Amino acid sequence: MSSSLPAQQEKVIYDEAEIPKFTLPDPLVAEDGTKIESAQQWNETQRPYLLGLFEREVYGKAPAAPEKIEYQVTESSDEALDGKARRRQVAIQLTDDPDGPVLNVLMYLPKTDKPVPTFMTLNFYGNASIHPDPAIHLPEGWLRNNKEYGVEDHKATEKLRGQSQGRWPVDLILENGYGLATAYYGDIDPDFDDGFQNGIHPYFYAEGQKKPKPEEWGSIAAWAWGLSRAMDYLEQSPEIASDQVIVMGHSRLGKTALWAGAVEPRFAAVISNNSGCGGAALSRRRFGESVKRINTSFPHWFNDNFTKYNHNEDACPVDQHELIALVAPRPCLVCSAVGDRWADPRGEYLSAKYASPVYELLGVEGLKAEEMPSVDEPALSRLGYAIRPGKHDVMRIDWERYIEFADNHVTGK
Ligand code: GCU
């Protein structure tokens, strides 16, 4: 592959035969070559070492949690969705500046007296896009223009309501006894490259700093940090079973869910949907989207150090199976779609497979699929992998699988 061509014109590998030979780093070998043979060694030295590498070389290190969070319940109903659900809308102030960014979390909860296990997921177009419920606040900040969704001049209109509801089967989630908590990722950092002038980053700059340092947080790390702030809220809500919060995300937000699961131990489980390059897919395969390509199209997603691995994947001290290993021993489900070749379904499967020895070392079930599962036979083991027919998307069948997975490994239903 010539590196002189602009990234967008380079040939994309869509053929297994064209994948260059590579050796993956072994998550169970320490920096000095020592074999990691106990859970204690993993927890005390190897895990922090790998987490530090991902922070330094890939996503960037995010600041510590604020000392205290301010939040305000902006709307609440016990008779939402024709009386079937409780609805809560909460504004979480992300910094101590009252004019700073606010994360608006929407929750639908089943009506029960017990705290509920909950899926926490970021969304792409604002909370009002996930359901036609007219009580949901329209997003006020910057949105990606989308005529069909009624987003013009980067502003939401009433037409936005329910536009992405196909991805959010709220009825199914509630019927199965789960809550849904969701927030717009742009509340944390709008998803375009502006040199980190808007969103959360500038609130953490040192005196005179203009952008994050090469090892500091990009946008994915910022979105994951925002998920932790949502968790701060969920943790103190008596309505939520805070030890049963499952972080789920699709695509760039699937990358984010995995990173959130790695840095935030309070997430009980992680589900990555079609997360691809920089998510579940092994970078060294270079199948579909490559590191060079993603860093060129989305320079703000990762930290600046990650660009060292453009056309140079083998030099990266980590690969994405080790990201999944950082979720261990908590349940983690990796989901692909046959038509989503850009995200390299096989590379997503192999990441789970090569993370499996870490689960086993920690004394829990790893991936129960020696070969890549077929579309009809999802491997819903504690470290799981599922693929379905169809395109890059979130479908009802995906949620059916998430729920079965959560029933098996999070709530023990
Ligand atoms: C692009 C990008 C992917 C990303 C996807 C998405 O296709 O190349 O890396 O996952 O957008 O977030 O929808």
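In which loop is the place of Pro329? Pro329 lies in the loop between helix H7 (321-325) and strand S8, where helices (H or I, at least four residues) and strands (E, at least two) are DSSP runs numbered from the N terminus. The peptide bond that leads from Ala328 to Pro329 is cis, with omega near 0°. In general, most residues other than glycine have a negative phi, and most peptide bonds are trans.

The model is a predicted one, in which local features need pLDDT of at least 70 and side-chain atom pairs count only at pLDDT 80 or more, whereas totals for chains, interfaces and linings use all residues. Residues are numbered from 1 along each chain as its sequence is written, and side-chain values use heavy atoms, with hydrogens and water left out.

An open sheet of 9 strands with mixed pairing has the order S1-S2-S3-S5-S4-S6-S7-S8-S9, two strands being paired if DSSP finds at least two bridges between them. Strand S1 (70-79) and strand S9 (383-388) form the edges, each pairing on one side only, and the twist from one strand to the next averages 20°. Within the sheet, strand S4 (residues 116-123) and strand S6 (residues 240-250) run parallel and are joined by 5 bridges, with Phe119 standing opposite Ile246 in S6.

Helix H5 (residues 252-263) lies across S4, S6, strand S7 (269-273) and strand S8 (332-337), and runs at about 140° to S6; axes here are lines fitted to C-alpha atoms, for helices over the stretch in contact, and angles run from 0 to 180 degrees between N-to-C directions. Helix H8 (residues 345-361) also packs on the sheet, where it touches S8 and S9 and makes about 165° with the direction of S9, contact meaning heavy atoms within 4.5 Å.

Helix H5 also packs against other helices. The axes of helix H4 (residues 219-236) and H5 come within 8 Å and cross at roughly 60°, and the two helices are therefore oblique to each other, given that angles under 35 degrees count as roughly parallel, over 145 as roughly antiparallel, 65 to 115 as roughly perpendicular and the rest as oblique. This crossing of H4 and H5 is right-handed, a crossing being right-handed if the near helix is turned clockwise from the far one by less than a right angle, and left-handed if anticlockwise. Ile220, Ala221, Trp223, Ala224 and Leu227 in H4 meet Leu253, Lys255, Thr256, Trp259 and Ala260 in H5.

Helix H1 (residues 39-59) packs with H5 at an angle of about 140°, their axes being 11 Å apart; H1 and H5 are therefore oblique as well, and their crossing is left-handed. Arg47, Leu51, Phe54, Glu55 and Tyr59 of H1 make the contact with Trp259, Ala262 and Val263 of H5.

The structure holds 31 salt bridges, each defined as a side-chain nitrogen of Lys or Arg within 4 Å of a carboxyl oxygen of Asp or Glu. Among them is the pair of Glu75 and Arg87 (2.6 Å, N to O), which links strand S1 to strand S2 (residues 85-93) across 12 residues.

His409, in helix H9 (residues 396-411), touches Pro331, Glu365, Leu380, Ser381 and Arg382, residues up to four places away in sequence not being counted.
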